[in-house]
Amino acid sequence: MYSIVKTEQLTDTIYLMEVKAPRVAKNCLPGQFIIVRGSDDGERIPLTICDYNREEGTVTIVFQVVGAATEMMRNYKAGDAFADFVGPLGCHSELCDENIDDLKNKKILFVAGGVGTAPVYPQVKWLHENGVDADVIIGGRNKSLIILEDQMRTVAGNLYITTDDGSYGSKGVVTNEIQKLVDAGNKYDVCIAIGPMIMMKFVCKLTKELGIHTVVSLNPIMVDGTGMCGACRVTVGGEVKFACVDGPEFDGHLVDFDEAMKRQQIYKTAEGRAYLAAKEGDTHHGGCGNCGGDK
């Protein structure tokens, strides 16, 4: 069992938890995710790692209540425990593989939307710990959906807040803020955007026009987290990929967002899943490398 050492309600529907998971904490890197299960017969939920403390052996997760399993999780208190806490899974951020001196010479921009701020934070923190500054934009529909602002201010070079309704920070969507920063003379080498699929789509549309290499995290479309369900199948640069085993990060300018979002809606029903299985044949599954669908 994996004990919960801290719980915190960030918004009406978003919660933070620190979980005792020494082996995960020892081996994880920014960009990776874990799978939690509240009980032995509970639903498997993939969640991006928000933070980790190798000395304390803890991993921080942030989740939004969207169904029965997360509704149950919101009622957990410190001292309760998860039946399973599996990870680290997925590929870590490509930034972790770059030379630190090279990173220090790059101008990096992060764009976080809503709960997507959680997977952005560990990357910005990792850069900060290695002496690399990065600009960060956090966006939300309104002030109540802006999370981890205080934590982000301690690690970001510059932090910009936007809300669709203007209730906090600059009024407008995150793409407006990107354009303003570029118009002000900022020249970014890379942008990392994490948030709702529609947000990442339009960030990529803008950054492609601006000539900024952009990385996105497709964790929003993951379901099973091992590639066996086929839910996170996506086309990247004309090739079939699975977000949970090939990602979750990809070159955003190569992702077919329209196909992914349409497929995400179809996958929600049993009839839709049957349709996709018939249409996609042997390639419907296969991300796990074990079920034969990749052959």
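Helix α7 is followed by Gly211, whose phi is positive, near 75°; helices here are DSSP runs of H or I with at least four residues and strands are runs of E with at least two, both numbered from the N terminus. The structure is a predicted model, in which local features need pLDDT of at least 70 and side-chain atom pairs count only at pLDDT 80 or more, whereas totals for chains, interfaces and linings use all residues. Residues are numbered from 1 along each chain as its sequence is written, and side-chain values use heavy atoms, with hydrogens and water left out.

Helix α7 comprises 14 residues (197-210), and the distance from its first C-alpha to its last is 20 Å, close to the 20 Å expected at 1.5 Å a residue, where the expected span is 1.5 Å times one less than the number of residues. Its buried residues are Met197, Met199, Met200, Val203, Cys204, Leu206 and Thr207; buried denotes under 20% relative accessible area, exposed over 50%, and partly exposed the range in between, with a 1.4 Å probe and protein chains only.

Lys201 forms a salt bridge with Asp258, the closest N and O atoms being 2.7 Å apart. Because Asp258 lies in helix α9 (residues 257-266) and Lys201 in helix α7, the pair ties together parts that are 57 residues apart in sequence. Lys201 is partly exposed at 24% relative accessible area, and Asp258 is likewise partly exposed, at 46%. A salt bridge is counted when a side-chain nitrogen of Lys or Arg is within 4 Å of a carboxyl oxygen of Asp or Glu, and this rule gives eleven of them. Among them is the pair of Arg74 and Glu71, whose closest N and O atoms are 3.2 Å apart; Arg74 is partly exposed with a relative accessible area of 23%, and Glu71 is partly exposed with 35%.

Seven strands form an open sheet of mixed pairing, in the order β11-β10-β9-β8-β12-β13-β16, two strands being taken to pair if DSSP finds at least two bridges between them. The edge strands, each pairing on one side only, are β11 (170-171) and β16 (249-251). Helix α4 (residues 117-129) packs on this sheet and touches β8 (108-113), β9, β12 (190-194) and β16, its direction making about 155° with that of β8. Contact here means heavy atoms within 4.5 Å, and axes are lines fitted to C-alpha atoms, for helices over the stretch in contact, with angles running from 0 to 180 degrees between N-to-C directions. Within the sheet, β9 (residues 135-140) and β10 (residues 158-163) run parallel and are joined by six bridges, with Ile137 having Tyr160 as its bridge partner in β10.

Strand β1 (residues 2-9) runs antiparallel to β2 (residues 14-20), and five bridges join the two; they form a hairpin with four residues between them, in which Ile4 stands opposite Val19 of β2. Strand β1 also pairs with β6 (residues 81-82) in the antiparallel sense over two bridges, and Tyr2 stands opposite Phe82 in β6. The side chains of Lys6 and Glu8 meet in a salt bridge of 3.8 Å, N to O, both residues being partly exposed, at 35% relative accessibility for Lys6 and 31% for Glu8.

A search of the whole structure for disulfides, defined as pairs of cysteine sulfur atoms within 2.5 Å, finds zero. Of the cysteines, Cys50 counts as buried at 2% relative accessibility, whereas Cys91 is partly exposed at 36%.
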